[in-house]
Amino acid sequence: MTALPLISLRSVSRTYRTDGIAVTAVRNVSFDIAQGEIVAVMGPSGSGKSTLMNMIGLLDLPSEGAVHLEGANVAELSEDRRSSLRARSIGFVFQSYNLLARHNAIENVALPLVYCGVSRAERLARAERSLQAVGMLHRAHHFPRQLSGGEQQRVAIARALIASPLIVLADEPTGALDSRTGAEILALFAALNRTGQTIVMITHDPGIATQCRRTIRLHDGELVSDETVAELLPRRSVAS
Ligand SMILES: Nc1ncnc2c1ncn2[C@@H]1O[C@H](COP(=O)(O)OP(=O)(O)OP(=O)(O)O)[C@@H](O)[C@H]1O
Ligand SMILES: [Mg+2]
């Protein structure tokens, strides 16, 4: 028996309509992602990467075609079911970290569990484990402004991991970081992937994409290539 793909897109298109003008941001895209994969999504600005990520992350639905998560067509779920599925199944990481400035690191990490009906004591215990997993437990009581960009992104990754999601979705997670810090964040993703975490990462950086075994490329909303390499290239050392 072959395992069901974790996520499957079939002939997915997304058209935005603004002031009577239609923009098809994603056009007829199909692919599967299996559990345990780490996938880079590349393409020029405006090629539909974030639109695609929003559909994989259950934040948006296709205009045409279907997205299945663990075999379920997400468009057939009620909005409430889709929201709770998103909270349990998807961990988001953004370029700009999106931490809440008035909350310290551990509170930021624990926040998603508020919507999962977990007690405060349990939330904090799990947030500690999540901070530990990204090497940030020693900064648990620091506020975002007291952390470097790379540290803030680690905290954001800990937050994405807190509900043990099926998939971590990262949109340009290294885009705001210098190359050394970006490489450290990438190494963290690679280490998480080695523990079995499925990761989909949008990136402009070819150096980052070469560290993922599989790369999906978009152009003008269309999938132009989907390649898996047998062997990863050895990591080039990164100058500071
Ligand atoms: N909410 C929206 N309403 C209308 N058009 C949109 C919306 N979001 C995106 N678009 C359009 O869809 C196209 C794809 O946008 P998208 O944000 O997915 O690209 P991207 O590949 O993520 O680009 P970038 O690398 O700059 O982040 C663009 O032409 C954009 O202007
Ligand atoms: Mg984008």
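**Exercise 1. In strand β10, which residue is the bridge partner of His219?**

Step 1. In this predicted model, the bridge partner of His219 in β10 is Glu222.

Step 2. This pair belongs with the strands β9 (residues 214-219) and β10 (residues 222-228), which run antiparallel and are joined by six bridges.

Step 3. Between β9 and β10 lie two residues, so that the strands form a hairpin, and Asp220 in its turn has a positive phi of about 45°.

**Exercise 2. Work out in which order the four strands of the open sheet stand, and which of them lie at the edges.**

Step 1. The order of the four strands is β2-β1-β4-β5, and their pairing is antiparallel.

Step 2. At the edges stand β2 and β5 (72-73), each of which has a single partner strand, and therefore one side of each is left without a neighbour in the sheet.

Step 3. As an example of a partner, Ser8 is paired through a bridge with His68 in β4.

**Exercise 3. Describe the residues that surround ligand 1, and find which element gives the largest share of them.**

Step 1. Among the residues around ligand 1 are Tyr16, Thr18, Val23 and Ala25, and the shell also includes Gly43, Ser45, Gly46, Ser47, Gly48, Lys49, Ser50 and Thr51.

Step 2. Two or more residues of this shell are given by each of the elements β1 (7-18), β2 (21-33) and α1 (49-56).

Step 3. The largest share comes from α1, which contributes three residues.

Step 4. Sorted by class, the shell around ligand 1 holds three nonpolar, eight polar and one charged residues.

**Exercise 4. Are helices α5 and α6 roughly parallel or roughly antiparallel to each other, and which residues meet where they are in contact?**

Step 1. The axes of helix α5 (residues 149-161) and helix α6 (residues 179-194) come within 10 Å and cross at roughly 20°.

Step 2. Angles under 35 degrees count as roughly parallel, and therefore α5 and α6 are roughly parallel to each other.

Step 3. The crossing in which α5 passes α6 is right-handed.

Step 4. On the side of α5, the residues in contact are Gly149, Gly150, Gln153, Arg154 and Ile157, and they meet Thr181, Glu184, Ile185 and Leu188 in α6. When the residues of this contact are divided by class, there are three nonpolar, four polar and two charged.

Notes. Residues are numbered from 1 along each chain as its sequence is written. Chains are lettered from A and ligands numbered from 1 in the order in which they are written. This is a predicted model: local features need pLDDT of at least 70, side-chain atom pairs count only at pLDDT 80 or more; totals for chains, interfaces and linings use all residues. Axes are lines fitted to C-alpha atoms, for helices over the stretch in contact, and angles run from 0 to 180 degrees between N-to-C directions. Angles under 35 degrees count as roughly parallel, over 145 as roughly antiparallel, 65 to 115 as roughly perpendicular and the rest as oblique. A crossing is left-handed if the near helix is turned anticlockwise from the far one by less than a right angle, and right-handed if clockwise. Two residues are in contact if their C-beta atoms, placed from the backbone, lie within 7 Å. Ala, Val, Leu, Ile, Met, Phe, Trp, Tyr, Cys and Pro count as nonpolar, Asp, Glu, Lys and Arg as charged, and the others, Gly among them, as polar. A residue is near a molecule or strand if its C-beta atom, placed from the backbone, lies within 6 Å of it. Two strands pair if DSSP finds at least two bridges between them.
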